[in-house]
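Welcome, and thanks for taking a look. Please have the sequence and the structure open side by side as you read.

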Amino acid sequence: MLLKGFLRQILSLGAASKGRLQLAMSLLQSSNSPADIRRHLPELLSSGNWQVRNAAIKLVAKIRDEDRFDLLIEKLLDRNEAGIVRRNAAELLHKWGRYTPEVERALCQALSDGYWEVRAEAARSLASLAEPGRAIERKLVKRLHDPDGNGRGDALRTVRERNFEVRAGLAEALGALGTTEDAFAAIKTLAADAQWLVRYQAAIALAHFASRLPDFFDRAREALQDVDHLSSGALPIFVFSQRIGRLLDDMGRGTLDPAVLKHRYIHLKHGWHRIDEVRW
Amino acid sequence: MWAAGTAFALVLLLAPRFKKRVRRWGLVDKPKPHGGLNVLTKAGVPLMGGALILFSVAAAAFVWCRVTSSYVLIATGAGVYFAVVGAFDDIVKARGGHSDAGLSRGTKYVAQIVFGLALGLLLFLPQTSPIRERVVAGSLYLPFSRTGLCLGLGIVPFVIFFIVFASNAVNLTDGMDGLAIVPVIFVAIVLGLFAYLSSNVNYSEYLHLNSYVAPDGILKYHTLRGAGELTVLCAAVVGSGTAFLWHNAHPASIFMGDTGSLALGGMLGAIAVLLRQEAIFFIAGGLLVAELGSSFIQDYIGLRLLGRRILPRAPLHLTLLHHGTGEGKVTVRLWIVAAMCALAALATLRLR
């Protein structure tokens with residue numbers, strides 16, 4: 001598949017493709033005319049150059065072209081499509097905000113994509129779009145754990161996901177969508193991750209989970225106290241440690257609000273340094 | 001020692017005034033957020049510290065080097081040429097309001113290729129080459145072999161490639177406070193030592209530096225007479241670089257800008273070419289190679305051709321940062337890598 005994409009891209013590096021890319025970028029940046037964009041979309045979507053196709057799906061989302069909504073799902077699932085286009089398709093579905101069974105199916109399927117950015121984006125999109133439920137929770141836990149493991153999430157060694165951004169995305173999704181003991185255990189596993197960014201997301205996820213399911217409140221608080229606050233370098237003002245302290249304070253006062261907690265995750269794609277810009 | 005001391009003192013003394021002046025001219029960093037680095041906190045830091053480095057190197061060279069030496073003239077000329085290109089880029093960026101407003105990649109490549117071509121021809125043509133022995137001038141020396149690989153006229157395209165590589169490598173490494181200047185100092189130390197050894201009859205013969213097989217089949221040694229002046233120039237780079245680090249260490253109060261990164265890369269690249277030690281530059285500047293390589297793999301193979309990231313971010317220092325390691329720690333760890341590379345380059349002296 002990689003080779004196919006590579007050859008397709010090589011063949012598309014001609015002047016015509018450059019012209020189409022310029023056209024797509026100018027439409028993306030300046031055109032607000034849906035008719036104008038719609039006129040050019042077929043040509044852009046069929047381009048051999050992934051950058052043109054990438055801009056084209058962004059244009060579809062920009063004008064919210066209802067006729068082409070399914071195209072985003074198609075692009076997300078097309079394993080022959082460039083990884084960045086698939087990732088952006090997942091992100092655009094999230095931004096579009098329409099959640100249908102097809103979208104859920106596609107995002108769940110994308111959790112097993114070979115390209116880590118797609119898996120991470122799918123997890124984040126599910127966290128924002130999906131409703132809490134056992135079925136989706138099971139898929140997330142399954143993605144996290146080794147099929148040969150016990151699936152209860154009580155041992156780090158059963159974690160099969162190697163990419164930390166995906167693990168962080170799964171923590172966010174489990175915090176937002178988990179409903180059972182399995183999900184809670186999986187978040188606890190992630191809260192003991194070697195990567196502090198995953199631990200951070202898992203800490204927020206623990207609080208988020210408990211804010212939705214008060215039965216888990218005391219255990220989530222306990223788990224939060226056990227989270228390793230050290231971060232390898234991170235920021236000189238130890239924002240991570242401060243945040244955990246504030247989460248515990250909020251929990252102590254019983255003022256956890258799921259809607260507020262949703263905004264306390266870091267969007268890792270945009271860089272963890274923005275942790276100090278996260279609204280608190 | 002004196003050259004290093006002079007350059008060190010000049011940068012240390014002139015830096016405060018230079019920063020004020022540059023800020024008054026509006027030549028300050030206006031970064032665009034990218035790659036996970038918290039660049040917005042770096043907005044307003046004076047640019048063009050490279051001009052100060054180059055000025056102090058040139059001044060120290062003028063005082064302590066034999067200025068008529070063709071080695072010194074070519075190496076300093078390389079520095080000045082690339083500093084002018086870099087300064088133009090820095091000024092356009094500062095005036096344009098953001099870091100993407102500078103010279104295009106293509107324009108920079110053209111400037112680098114032009115210089116590489118000139119240097120390659122200068123080296124190859126007997127009338128202009130500072131290296132008297134034609135075989136040595138046209139050979140590529142590898143650490144594990146006594147004699148070089150004779151490329152003949154092929155040395156010209158190789159020099160072009162090498163100069164483009166050297167100036168871009170330092171340019172790409174210059175993405176965090178203090179990150180680029182330390183590997184540059186290490187490479188300058190290594191090249192300075194090689195310049196001294198190559199110019200000394202006894203050492204160059206003992207260490208098999210620049211040896212070649214004569215037409216009669218006998219192994220001969222060629223001493224680069226006058227190349228010892230490059231040791232003084234390298235010492236000046238070490239001195240000015242160290243003083244620059246004083247101000248450039250995290251959190252930086254001045255950036256070298258493209259003025260400095262292109263100039264230092266170009267100058268050290270030219271020194272390596274003149275000493276016929278390009279391979280040593282690759283080893284001593286292993287970190288620079290990794291930074292350039294990671295960028296190339298990400299931009300040209302990953303993003304342009306495959307449509308996916310091969311590394312989480314590029315260049316290498318941004319990948320480390322993206323993994324949650326703080327800027328200070330990334331910088332120090334990469335300095336350690338740079339030091340190991342420099343030691344590895346020195347170890348090759350006995351592997352010939």
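Does A:Lys95 count as buried or exposed? A:Lys95 counts as exposed, at 58% relative accessibility. Do keep in mind throughout that this is a predicted model.

## A pair within helix 6 of chain A

A:Lys95 has a salt-bridge partner in A:Glu91, with 3.5 Å between the closest N and O atoms. The two residues are four apart in helix 6 of chain A, so about one helical turn separates them. As a general point, an α-helix has 3.6 residues a turn, so residues three or four places apart point the same way.

The two ends of this pair fall into separate classes of accessibility. A:Glu91 counts as buried because its relative accessibility of 9% is under the 20% limit, whereas A:Lys95, at 58%, counts as exposed because it is over 50%.

## A link from helix 6 to a loop

Helix 6 of chain A also holds A:Arg86, whose side chain meets that of A:Asp113 in a salt bridge of 2.7 Å, N to O. A:Asp113 sits in the loop between helix 7 and helix 8 of chain A, so this pair ties together parts that lie 27 residues apart in sequence.

Here A:Asp113 is buried, with a relative accessible area of 2%, and A:Arg86 counts as buried too, at 6%.

## Helix 5 of chain A and its surroundings

Helix 5 covers residues 69-77 of chain A, and its buried residues are A:Phe69, A:Leu71, A:Leu72, A:Ile73, A:Lys75 and A:Leu76. What do they pack against? Their neighbours in chain A are helix 3 (34-45), helix 4 (50-62), helix 6 (83-96), helix 7 (101-110) and helix 8 (116-129).

Helix 5 also contains A:Asp70. Together with A:Glu74, A:Asp78 and A:Glu102, A:Asp70 forms a negative surface patch.

## A charged network in chain B

Over in chain B, the side chains of B:Lys93 and B:Asp89 form a salt bridge with an N to O distance of 3.3 Å. Both residues belong to helix 3 (residues 70-96) of chain B and lie four residues apart, about one turn of the helix. B:Lys93 counts as buried at 18% relative accessibility, and B:Asp89 counts as buried at 0%.

## The overall count

How many salt bridges are there over all chains? The count comes to 24.

Methods. Residues are numbered from 1 along each chain as its sequence is written. Chains are lettered from A and ligands numbered from 1 in the order in which they are written. This is a predicted model: local features need pLDDT of at least 70, side-chain atom pairs count only at pLDDT 80 or more; totals for chains, interfaces and linings use all residues. Side-chain values use heavy atoms; hydrogens and water are left out. Buried means under 20% relative accessible area, exposed over 50%, partly exposed in between (1.4 Å probe, protein chains only). Contact means heavy atoms within 4.5 Å. Patches are made of residues with over 30% relative accessible area and no salt bridge: like charges are joined within 9 Å, nonpolar side chains (Val, Leu, Ile, Met, Phe, Trp, Tyr) within 5 Å. Accessible areas come from the Shrake-Rupley method with a 1.4 Å probe; for residues, only the protein chains shown count as cover. A salt bridge is a side-chain nitrogen of Lys or Arg within 4 Å of a carboxyl oxygen of Asp or Glu. Lys and Arg count as positive and Asp and Glu as negative; His and the chain ends are not counted. The place of a charge is taken as NZ of Lys, CZ of Arg, CG of Asp or CD of Glu.
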